[in-house]
Amino acid sequence: PKLRRSLPKYLTLEESTTLLKSVSGPNQKRDFAILMLFLNCGMRLSELCGMNLSRLNLRERVVRIVGKGNKERQIHLNDACVAALEAYLAVRPAEGVKGEHRDAVFLSRQKRRINGRTVELMMKKYLKDAQLNEQRYTPHKLRHTAATLMLQNGVDVRTLQEVLGHDHLNTTQI
């Protein structure tokens, strides 16, 4: 027999706002930009960590990323994402970044490309600060949040499929 699957978990708009308001500390601008991209663009964790400066065009409001299956896609950035990225890039370290990490958009304290585990731990901290269940939500749940909020605001499923980079409409519909 087929197992029943529960619907994906996601944050409400109010919870998302609370999460964004909880961002503070020395990496505030970086962390805010990361959460903003997750909540507005529906990026995967690997896509966010792999973002490159050479593929980011804030003037045209797009970023080209390499997604699942090594497929490249273009993500359109809204005003909030552009503003968050501009604020972060203004304080992003430029000196002392090792060669292979120079093109990375998001850097760790060691001035290396940020990794997925760092993002997960950062997110858990802010979820806890926002008094949201840090055990229940992951970066992938923020992808679900972005998709759900887009659907609730009138984005059609086909457009959402393209935004999320899904091959099959069934995956998007879930």
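**View 1. Left-handed crossing of α2 and α4 in the predicted model.** Helix α2, comprising residues 28–41, passes α4 in a left-handed crossing. The two helices pack at an angle of about 155°, and their axes lie 9 Å apart. α2 and α4 are therefore roughly antiparallel to each other.

**View 2. Residues in the contact of α2 with α4.** From α2, the contact involves K29, R30, F32, A33, M36, L37, N40 and C41. Their counterparts in α4 are A80, C81, A84, L85, A87, Y88 and V91. By class, the residues of this contact comprise twelve nonpolar, one polar and two charged.

**View 3. Packing of α2 with α5.** The axes of α2 and α5 cross at roughly 90° and come within 11 Å. On the α2 side, the contact is made by D31, I34, L35 and F38; α5 contributes V119, M122, M123 and Y126. Seven nonpolar residues and one charged residue form the contact of α2 with α5, with no polar residue.

**View 4. The aromatic pair of Y88 and F106.** The structure holds one aromatic pair. The ring centres of Y88 and F106 are 5.3 Å apart and the ring planes lie at 25°, so the pair is stacked. Y88 belongs to helix α4 (residues 79–91), whereas F106 lies in the loop between α4 and α5 (116–129), so the pair ties together parts that are 18 residues apart in sequence. Both Y88 and F106 are buried. Y88 is also among the α4 residues that meet α2.

Terms used:
Residues are numbered from 1 along each chain as its sequence is written. This is a predicted model: local features need pLDDT of at least 70, side-chain atom pairs count only at pLDDT 80 or more; totals for chains, interfaces and linings use all residues. Side-chain values use heavy atoms; hydrogens and water are left out. Rings of Phe, Tyr and Trp (its six-membered ring) pair if their centres lie within 6.5 Å; planes under 30 degrees apart count as stacked, over 60 as edge-to-face and the rest as tilted. Helices (H or I, at least four residues) and strands (E, at least two) are DSSP runs, numbered from the N terminus. Buried means under 20% relative accessible area, exposed over 50%, partly exposed in between (1.4 Å probe, protein chains only). Axes are lines fitted to C-alpha atoms, for helices over the stretch in contact, and angles run from 0 to 180 degrees between N-to-C directions. Angles under 35 degrees count as roughly parallel, over 145 as roughly antiparallel, 65 to 115 as roughly perpendicular and the rest as oblique. A crossing is left-handed if the near helix is turned anticlockwise from the far one by less than a right angle, and right-handed if clockwise. Contact means heavy atoms within 4.5 Å. Ala, Val, Leu, Ile, Met, Phe, Trp, Tyr, Cys and Pro count as nonpolar, Asp, Glu, Lys and Arg as charged, and the others, Gly among them, as polar.
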